[in-house]
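Subject: Structure for you to look at

Hello,

Here is the structure I promised to pass on. Please open it beside this message and follow along.

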Amino acid sequence: MHTTPTTPEVRVPRLVGLMAMDAREAAKSHGLSLTAPDRPDFGLVVVDYVVRQYPQPGTPVPRDSTVAVWFDFGEGEGGGGVREPRMPRPPSGDGHRALDEPGDPYAMVSSA
């Protein structure tokens, strides 16, 4: 069992990428508590992953402080951006690329 240090100030651990249950344990081992503004049922969340936290890792805070974590990206954050359909659409056709007729690129030039 990990014992909580007794210093008055602690550094916030990196919680991003941890599952909810692991993030709670990491915070507890540093003498911190967690809150999740996007999850009213935070106490029941187990396997969802933390995608953002405040304060940032390494920030010194008083012992017994609360660190906020989020499990969903906010509006305009993360994700892969806009997907299909793309504009302009590719030209319709039979799917074959239109190429010039084959010919000799090095045709002999006659000198007359």
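**What I found**

Start in the sheet: Tyr54 stands opposite Ala68, a residue of strand 5. Bear in mind that this is a predicted model.

The pairing around that spot is simple to state. Strand 3 and strand 5 run antiparallel to each other, with 3 bridges between them. In general, strands of a sheet pair through backbone hydrogen bonds, in a parallel or an antiparallel way. The sheet here is open and has 3 strands, in the order 2-5-3. Its pairing is mixed. Strand 2 and strand 3 are the edges. Each has a single partner strand, so one side of each has no neighbour in the sheet. On average, neighbouring strands are turned by 30° against each other, ignoring direction.

Next, the core. The largest nonpolar core has 17 residues. Leu15, Leu32, Leu34, Phe42, Val67, Val69 and Phe71 touch the most other members. Helix 1 (20-29) and strand 5 (66-70) each supply at least two of the core residues. Helix 1 gives the most, with 4 residues.

Now look at the aromatic rings. How many aromatic pairs does the structure hold? It holds 1. The partners are Phe42 and Phe71, with ring centres 5.9 Å apart.

Phe42 has 10%, so Phe42 is buried. Phe71 has 6%, so Phe71 is buried too.

Leaving out residues up to four places away in sequence, Phe42 touches Arg24, Leu34, Ala36, Val69 and Phe71. Arg24 lies over the face of the Phe42 ring, 5.0 Å from the ring centre. Another arginine is placed over a ring as well: Arg52 lies over the face of Trp70, at 4.4 Å from the ring centre.

That is the tour.

Best wishes

Technical notes. Residues numbered from 1 in each chain as written. Predicted model: local features only at pLDDT ≥ 70, side-chain atom pairs only at ≥ 80, totals over all residues. Heavy atoms only, no water. Core = buried A, V, L, I, M, F, W, Y, C linked by side-chain atoms within 4.5 Å. Buried < 20%, exposed > 50% of the residue type's maximum accessible area, 1.4 Å probe, protein only. Contact = heavy atoms within 4.5 Å. Phe/Tyr/Trp six-rings, centres within 6.5 Å; stacked < 30°, edge-to-face > 60°. Lys NZ or Arg CZ within 6 Å of the ring centre and 35° of its normal. Pairing = 2+ DSSP bridges. Axes fitted to C-alpha atoms, helices over the stretch in contact; angles between N-to-C directions.
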